[in-house]
Amino acid sequence: MSSKLKPQQVVADLLFQRTGKLTRELVRDPGGFGLGQVPVRLKPDSTTTAVCGFCSTGCGLEVHLKDGQAVNLSPARDYSVNKGAACPKGWEALTPLFAKDRAVKPLLRNERGVLEEVGWQTALEAFCSRFKAIQQRHGAASVAFLSTGQIPTEEMALLGSLAKFGMGMLHGDGNTRQCMATSVVAYKQAFGFDAPPYCYEDFEESDVLVFVGANPCIAHPIMWERVCKNPHTPQIIVIDPRKTETAMAATQHLPLRPKSDLRLLYCIAGLLIESGYVDREFVAQHVTGFDEFAAHVRGFTLADVAMDSGVSSESIELVADTIGRGKRVSFWWTMGVNQSHEGVRVAQAIINLALITGNIGRPGTGANSITGQCNAMGSRLFSNTTNLLGGHDFANAEHRAKVASVLDIDVETIPEQGSLAYDQILEGVLAGKIKGLWIIATNTAHSWINQSDAQEILKRLDFLVVQDMYTTTETARLAHLVLPAAGWGEKEGTFINSERRIGLLKKVSRAPGEALADFYIFKLIADAWGVGDLLRVFESPEHTFQLMKRLSRGQPCDITGIRDYAMLDDRRGIQWPLPEGQDVEAQAERRLFEDGRFFHADGRARLLFEAPRPLPENTDERYPLILLSGRGSSSQWHTQTRTAKSPVLKKLYSEEAYVEVNPEDARRHGLSPSDHAIVESRRGKLRARVHVTHVVQPGQVFVPMHYAEANQLTFAAFDPYSRQPSYKYCAVQIRKADPFAE
Ligand code: SF4
């Protein structure tokens, strides 16, 4: 360890975590480690605010403190996002902090292959010596990291800088690859920057809302509440193979055949053009590629697409007509689009509809990707993986120079290319090129597509470090070293929500045992690695926020006008951009492109399109059904690492995996409600309780993604532009489980 990292500094950190003291006055920081730089002065018995740490809605919560510790919470009434509402996960946000399986000390696998408790000093030495040995033997790129959309932006920025500028890693990616990569690429190519253009007010301002592959009733219930508050009696169109809760509430539902979405959207565009619903003036002034696009979509005739998609011609025409006649039409999509073998082009087909009809930059409009995780948007700008910090480009020498200058580092330490994508990193492990992996706050062994392969790949690593709140995740169990991390509520920083609102996260509870905020784990590692000096500018989360401001200067996401954390707190979150000199009213909800200028050099948006691609996997006689996956309920979050810790939430969903089967298929396969069935793909199988329902169409079954077994089945196909996995389509068979054999 370097001379800058003294044992007492580690002790100071641990003391800080254990006591949960919240102000510099209460924390004497003996080592000058910066731990006292907690800007938010909280009274021990008071109520404060913090943004929720589950989904990208970014609700404001009021956290009630007793003796400086959170004892309860309620939704914030004065937060523009949620206006006094929260979903079950938000209400239960404190409970997972007190789970019995929290990681409380570092764990190191011993010679007998058992994880045993060690001190931080030993853990840091093992981290550095093992990874350095791998790099010395196999090159710097033989160690990589996989991060998350669940930690604050400041932590992402420090991690990305430590790994790439300090430790010489070339490759790191995040679990945001699994949810948002498609939207990122779609926006960048179409708008010139990854810029979701909307604000939540648009849910209330539209007269037509089109949801594609999105089920906000379940996945984003507070956003759906905003839809319910829309006073314009809007038309709500849902394009989704399942009759989801949102589809049931819609005025029009197109239950299309899975993955016929690109053809359907091109057909709708063709109908809009044919019927004269194009905003010619907007297109002429602000959009490039209209004639080519019009020629392309002519090939997607109504009759053909109706047959391909299984949706009637009349229904498609009605949707096109409703969009065409709408004055304020907004288009929304989530994972049904993003998690596809051709998701980027599908997302752009949606963007194209908004562009050709001039539905962007005005209240109630927009081509709007709804994000998944609480800080996926922070990851998109500041994780330093695919993009250089601040939405910059690794390949751009000017961008590298700017980042080097802000961080006061040698520009030569910045790689000239972005990282490999998540799947390529795992491929690198499989090929023996990547031997060491550091996984932070994500559960690869559960969530990655084609799970058996993913687990086998992780087992090949010479050294796997998992940094997490819990010791029991499927991934932590495979680790050689587990670093115990503080969670939401036990540290500070900022999240960026789906509408680009930066919200403040506060430390309102003490982390258990020796668990540390990820920020301080990264600081300890930087010192132990010998690069603490190089990264000295990352003094504390709030100092890092000041760096982020400088990194954003001149970018579309410029936030130089946000003074500090206190301003974020006072204004109840602030959307990017907010350049220096511009002020906004508290609670203002702002959208992009009001002036019709996009971020490409010529200021114009691009219409992007191509021929649909063949399906990566086909059904056949043996595997005749299409497996769909997605969220099961508002009470479950992803791999359930946290939500399964709440007895309240567990009462709200089935603990056992279940499969939705159409009555026709249930009859054909001899299945009755509540039977156990085996669902099997060419890769694996799972056992699930049968739920007979018309929610799924004949020939399709649905399994919620939260159950570990779901990814035993999925097929590892990827969008060629975004490298996002296609979780939503693979071929399976179903049979009644033999109670004695299975
Ligand atoms: S909707 Fe999302 S941000 Fe809001 S309370 Fe629920 S999980 Fe938290």
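**Buried charges, salt bridges and pockets**

Me: Why is Glu610 called buried?
Reply: Glu610 has a relative accessible area of 18%. Buried means under 20%, exposed over 50% and partly exposed in between, with a 1.4 Å probe and the protein chains only. So 18% puts Glu610 in the buried class. Bear in mind that this is a predicted model, where local features need pLDDT of at least 70 and side-chain atom pairs pLDDT 80 or more, while totals for chains, interfaces and linings use all residues. Residues are numbered from 1 along each chain as its sequence is written, and side-chain values use heavy atoms, with hydrogens and water left out.

Me: What makes Arg613 and Glu610 a salt bridge?
Reply: The closest N and O atoms of Arg613 and Glu610 are 3.1 Å apart. The rule asks for a side-chain nitrogen of Lys or Arg within 4 Å of a carboxyl oxygen of Asp or Glu, so the pair qualifies. The whole structure holds 38 salt bridges.

Me: Which parts of the chain does the Arg591 and Asp202 pair tie together?
Reply: The two side chains meet at 2.9 Å, N to O, which makes them a salt bridge. Arg591 sits in the loop between β19 (574-575) and β20 (605-606), and Asp202 in helix α6 (residues 201-205), so the pair ties together parts 389 residues apart in sequence. These elements are DSSP runs numbered from the N terminus: helices are H or I of at least four residues, strands E of at least two.

Me: Are Arg591 and Asp202 buried or exposed, and how do you know?
Reply: Arg591 has a relative accessible area of 10%, so Arg591 is buried. Asp202 comes out at 0%, so Asp202 is buried as well.

Me: What makes Lys491 and Asp518 a link between distant parts of the chain?
Reply: The side chains meet in a salt bridge at 2.6 Å, N to O. Lys491 belongs to the loop between β16 (481-484) and β17 (493-496), while Asp518 is in helix α22 (residues 518-529), 27 residues apart. Lys491 is at 5%, so Lys491 counts as buried, and Asp518 is buried too because its value is 2%.

Me: Which residues are around the ligand?
Reply: A residue makes the list if one of its heavy atoms lies within 4 Å of the molecule. The list is Cys52, Phe54, Cys55, Thr57, Gly58, Cys59, Ala86, Cys87, Lys89, Gly90 and Ile222.

Me: Why are Cys87 and Cys267 both called buried?
Reply: Cys87 has 12% relative accessibility, so Cys87 counts as buried. Cys267 has a relative accessible area of 1%, so Cys267 is buried too.

Me: How many disulfides does the structure have?
Reply: The count is 0. A disulfide would be a pair of cysteine sulfur atoms within 2.5 Å.

Me: Which element gives the most to the lining of the largest pocket?
Reply: That is α5, with 5 residues. The elements giving two or more residues to this lining are β7 (172-174), α5 (181-191) and α17 (376-382).
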